[in-house]
Amino acid sequence: MGAPEPVVGREDEDVERENFEKEEEERRLKDLEKGEEGFVKGGQERLNNVQMNPPQGGRGIQMSRMQRLSATNPLRLVINSGTRVASPSPAHPPAHPPRPSPSPAQSQPRSTPTPQQSLITLNSRRYTNRISLFLFLFHIVAVIGLVCFLIYKGVEGLIQEGNSRRKEKRVLQYFLPQVEAASLLSITLAFSWQKAVRVWPNFMVYFILWSSFLMSLSAGILLICFQRPATDGVGVVFIAFSIANGLYSCWVTPRIRFCCKILIKSLEPVSKFPDLNQPTYWMLGIGFIWMSIWILAVIGALNFYFPPLTIIGLVLSLAWTTEVMRNVANQTVSRVIALYYLRGMQSNTQFCFQRALSKNLGSACLGSLFVPAIEALRIVARGLNLLEGEDEFMFSCAHCCLHVMQSVFRYGNGWAYVQIAAYGKGFVKASQDTWELFEKQEMVAIVDSDMTSAICFLTGVCSGSICVIVVAAWTATVHPGFIATISLLSFIVGYLMTRIAMALPHACVSCYYVCYAEKPENRLFDKTIPDRLNLLKEGRDVVVPTPRFSGRFRK
């Protein structure tokens with residue numbers, strides 16, 4: 001009567017083994033689809049079921065299950081490390097031979113991607129370039145004090161009797177209205193230029209190149225016609241610049257088509273952010289108010305010690321301040337557009353503006369101080385490179401200067417503002433990283449020949465020349481002695497105000513280049529840059545090289 005009991009137990013064990021093998025096969029197929037998470041979770045659930053509801057042949061079946069699992073199977077790892085189930089002893093051989101372990105391709109789950117580090121640094125709370133920030137704030141406090149003092153000196157000279165009073169009245173009557181009119185005209189031109197570039201980018205590139213040539217030439221001819229030593233000197237400078245401007249416009253003609261394509265493509269995201277222009281408007285308004293007060297300080301400087309040096313100091317201070325304003329607008333637009341390209345984010349423009357005025361203001365101050373100087377010296381170095389000829393000394397100096405400026409440009413360039421705005425990097429670090437991205441994508445030749453910066457510069461020159469024409473003609477009818485001084489001041493005011501307004505298209509183009517270099521597979525980028533690179537590699541298109549004199553002209 002006791003004989004059938006072992007048979008029944010063996011039959012139960014065989015049924016249990018078959019069921020377990022089917023479950024194992026189903027689980028393995030599911031794990032291949034779900035990855036590592038499915039392995040561990042499924043193994044833990046099965047372990048709990050085995051521990052809570054052990055089968056009749058509990059110990060033998062559990063040992064046989066353990067032996068059928070491969071050494072790398074997550075279920076076995078969970079059982080060995082997370083429980084106290086003893087591993088089977090070698091003295092008890094399994095009832096069935098162990099199943100072959102699965103191949104590594106089947107046993108190893110797919111790895112899950114780790115989050116990128118740049119996501120953590122998008123909202124960096126660290127202030128960048130603090131020394132530059134401190135110097136700029138100290139400069140602002142000092143200049144505000146100086147401006148208030150000079151305005152006081154101007155009022156004092158107006159109240160006192162004598163020659164100083166007559167001089168102040170003459171300046172207020174024949175000097176102040178023209179310069180204030182130049183400020184009003186400059187802000188009007190600034191709004192007009194930016195609107196026109198955003199609406200008709202293809203036409204405006206050609207128009208800016210040649211209108212700046214015509215306006216600067218007209219301003220120079222007008223100043224020479226007054227036949228005064230001061231106006232003649234200023235007029236010669238304008239005419240010389242207009243000649244260089246015309247030669248440049250002819251030289252870059254092969255690049256204009258590509259420049260228009262990039263400008264049109266880079267301005268497309270602007271329509272998705274209706275308030276993107278507000279920071280530029282704020283900077284223009286603040287710049288207009290500051291220039292109006294600054295002009296009063298210039299008048300007061302005429303009644304102070306060393307008027308020429310004082311006015312030169314005020315001009316340099318104004319140039320740095322307005323350049324910082326321009327780069328604040330540049331960084332605001334760069335952060336909004338860069339996060340749209342890199343992360344697909346609809347950023348808050350006001351938050352980006354606040355960040356540019358606080359966390360990243362130090363980088364804007366440092367870049368505003370050095371980038372114009374570096375770019376100017378780089379242009380001079382390229383000009384010296386034209387002197388290559390039989391003079392070995394000049395040949396060595398030209399190439400030495402060019403190589404030095406190329407090296408310096410790597411550590412300080414205008415492309416850095418994109419990474420400063422997006423990741424909160426310092427100015428030098430952002431410049432290096434950006435240039436490395438360009439080198440990695442083989443884009444150095446393209447970005448080095450980009451015309452956007454030159455277009456924005458010539459727009460400012462055109463506005464300044466228009467202000468000179470209007471103000472010089474007005475001043476000639478009321479007080480010819482002020483023509484040269486007022487012409488220079490009106491040109492500076494018109495140029496600086498327009499440069500602030502052109503920060504938006506300049507930032508959009510910079511973001512397009514830098515973000516493409518960082519993430520070229522993004523679907524928001526078309527084939528404009530890859531096609532250009534392919535043409536350059538295949539030799540079907542060339543970047544216009546620096547012109548050199550032929551051998552017959554060197555002798």
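Trainee: Which residues of helix 6 are buried?

Mentor: Start with the idea of burial: a residue counts as buried when its relative accessible area is under 20%. In this predicted model, the buried residues of helix 6 are S132, L133, F136, H139, V143, V147, L150, K153, G154 and G157.

Trainee: Now helix 17, please. How many of its residues are buried?

Mentor: Apply that burial cut-off again, under 20%. Helix 17, residues 416–423, is mostly covered, with 8 of its 8 residues buried. They are A416, Y417, V418, Q419, I420, A421, A422 and Y423.

Trainee: What follows helix 17?

Mentor: Next comes G424, and its phi is positive, near 70°.

Trainee: Let's move on to pairs of helices. At what angle do helix 9 and helix 11 pack?

Mentor: For a pair, look at the angle between the axes and at how far apart they are. Helix 9 (residues 201–225) packs against helix 11 (residues 256–266) at an angle of about 130°, and their axes are 9 Å apart. That angle makes helix 9 oblique to helix 11. The crossing of the two is right-handed.

Trainee: Which residues of helix 9 and helix 11 meet?

Mentor: From helix 9 come P201, N202, V205, Y206 and L209, and they meet I256, C260, L263 and I264 of helix 11. Sorted by class, this contact has 8 nonpolar residues, 1 polar and no charged ones.

Trainee: How do helix 11 and helix 22 cross?

Mentor: Helix 22 is residues 503–518, and its axis comes within 9 Å of the axis of helix 11, crossing at roughly 95°. Angles of 65 to 115 degrees count as roughly perpendicular, and this angle makes helix 11 roughly perpendicular to helix 22. On the helix 11 side, F258, I262, L263, K265 and S266 make the contact, while helix 22 brings P505, C508, V509, Y512 and Y513. These residues divide into 8 nonpolar, 1 polar and 1 charged.

Trainee: And what angle do the axes of helix 20 and helix 22 make?

Mentor: The axes of helix 20 (residues 452–478) and helix 22 cross at roughly 175° and come within 10 Å. An angle over 145 counts as roughly antiparallel, and this one makes helix 20 roughly antiparallel to helix 22. Here T452, S453 and C456 in helix 20 meet P505, H506 and V509 in helix 22. The class count for this contact is 3 nonpolar, 3 polar and no charged residues.

Trainee: Could we zoom in on one residue of helix 20? Is L458 buried or exposed?

Mentor: L458 lies in helix 20. Its relative accessible area is 5%, so L458 is buried. Apart from residues up to four places away in sequence, L458 touches I208, L209, S212, F241, N245 and Y248. Sequence and space can also be set side by side: L458 and F213 are 245 residues apart in sequence, and 8.7 Å apart in space, C-alpha to C-alpha.

Trainee: Last one: how many helices and strands does the protein have?

Mentor: The secondary structure comes to 24 helices and 0 strands. Of the 555 residues, 45% are buried. Among contacts with a separation of 6 or more, 78% join residues 24 or more positions apart.

Terms used:
Residues are numbered from 1 along each chain as its sequence is written. This is a predicted model: local features need pLDDT of at least 70, side-chain atom pairs count only at pLDDT 80 or more; totals for chains, interfaces and linings use all residues. Side-chain values use heavy atoms; hydrogens and water are left out. Axes are lines fitted to C-alpha atoms, for helices over the stretch in contact, and angles run from 0 to 180 degrees between N-to-C directions. Helices (H or I, at least four residues) and strands (E, at least two) are DSSP runs, numbered from the N terminus. Angles under 35 degrees count as roughly parallel, over 145 as roughly antiparallel, 65 to 115 as roughly perpendicular and the rest as oblique. A crossing is left-handed if the near helix is turned anticlockwise from the far one by less than a right angle, and right-handed if clockwise. Contact means heavy atoms within 4.5 Å. Ala, Val, Leu, Ile, Met, Phe, Trp, Tyr, Cys and Pro count as nonpolar, Asp, Glu, Lys and Arg as charged, and the others, Gly among them, as polar. Buried means under 20% relative accessible area, exposed over 50%, partly exposed in between (1.4 Å probe, protein chains only).
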